[in-house]
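This briefing concerns selected strands and helices of one protein model. Please consult the sequence and coordinates shown below while reading the points that follow.

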Amino acid sequence: MLPHLEIPRAAWGPLLLVSLLIVLALWRSGTTPPLIAPSSAVIDPGAERSILPGQPTPTIVPLAGDFAQRNDLIVVSAEGLYDNPTQAQLAADLEQALNYVAARFGARPAAPISAYVGWEASCNLHGIAYTDQHVTQAFTCPDLPPRRAVNILAHEFVHQLAHDRYGPSHLQADLILLEGVATWGAGEYWLGGQSSFGTFVRRQYKEAGALLPLATHYAGRPIGDMNKLYYQWASFVEFLIETYGRDHFDALYVSGSNAPGSADYTGVYGKDLSVLEQEWLVWLDRR
């Protein structure tokens, strides 16, 4: 039996939201290939719930339930959500996910991360990162495979690693880079067997003539557009790092002011976003 953890809500203090609630949708029709992501990464229809400009910060859900300490990770699952063997496997899988994304991102967390897997009665899978508190949360239900919560938390772990690497500037990062690096950093947890984000985006969107401009905001757009932007932004991050190196990307990441396209692309690369976007499009054709 895993030990039981009760931490009152008030203990967490004021919060600053630095991440989006993440839910990815995948529609299937017969044998039609996935439209949003490979089925091993994201399955079943859903709705992405994001925090839009001007909306209040959600209150953190207290970390209460069964827990296990895994080196840089404290895994907490809501009481009754999983049986003991599933809880133990979840903790092992989340530790593996953190190790994977840390190696891919290039840094370990500055302090242990609490990963809470809560029970969502509606089975509407979503996640959030409170990176100033080193708390990440995913909400699911017993009807969904635990692996799906692991996929979501892999993305949230990268948000935490970005905060630890970049400091307060992370809170104002250009949305392209904020969500792009978290999606890119999640790697195989969001690619489900595809070789790279560039390859995925070329095959799924570019060849179909379905790309959106990189500086598009997802506010008010359909779910499919939001998911598409996450994958486009991940491939753009992949392009910037592979083409110009990590040092330039790090300098770019700390120069934004939230809005997509707000980072100092010209100051860092000597080219504005529109020029870099055209280079990215050519790069996609080679993937």
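This is a predicted model: local features need pLDDT of at least 70, side-chain atom pairs count only at pLDDT 80 or more; totals for chains, interfaces and linings use all residues.

Strand E3, residues 73-77, is mostly covered, with 4 of its 5 residues buried.

**Pairing of E3 with E2**
- Strand E2 (residues 64-70) and E3 run antiparallel and are joined by 5 bridges.
- Within this pairing, alanine 68 has valine 75 of E3 as its bridge partner.
- The two strands E2 and E3 form a hairpin in which 2 residues lie between them.
- Asparagine 71, located in the turn of that hairpin, has a positive phi of about 55 degrees.

**Pairing of E3 with E4**
- Strand E4 (residues 113-119) pairs with E3 in the parallel sense, over 5 bridges.
- Serine 114 in E4 stands opposite isoleucine 74.
- Together with helix H1 (residues 84-105), the strands E3 and E4 make a β-α-β unit, and this unit is left-handed.

**Helix H2**
- Helix H2 comprises 21 residues (residues 146-166), which at 1.5 Å a residue should span 30 Å.
- The C-alpha atoms at the ends of H2 are 31 Å apart, in agreement with that expectation.
- Of the 21 residues of H2, 17 are buried, so the helix is largely enclosed by the rest of the structure. The term buried refers here to a relative accessible area under 20%.
- Glycine 167 follows H2 and has a positive phi, near 70 degrees.

Terms used:
Residues are numbered from 1 along each chain as its sequence is written. Side-chain values use heavy atoms; hydrogens and water are left out. Buried means under 20% relative accessible area, exposed over 50%, partly exposed in between (1.4 Å probe, protein chains only). Two strands pair if DSSP finds at least two bridges between them. A crossover is right-handed if, with the strands pointing away from the viewer, the path from the first strand over the helix to the second runs clockwise. The expected span of a helix is 1.5 Å times one less than its number of residues.
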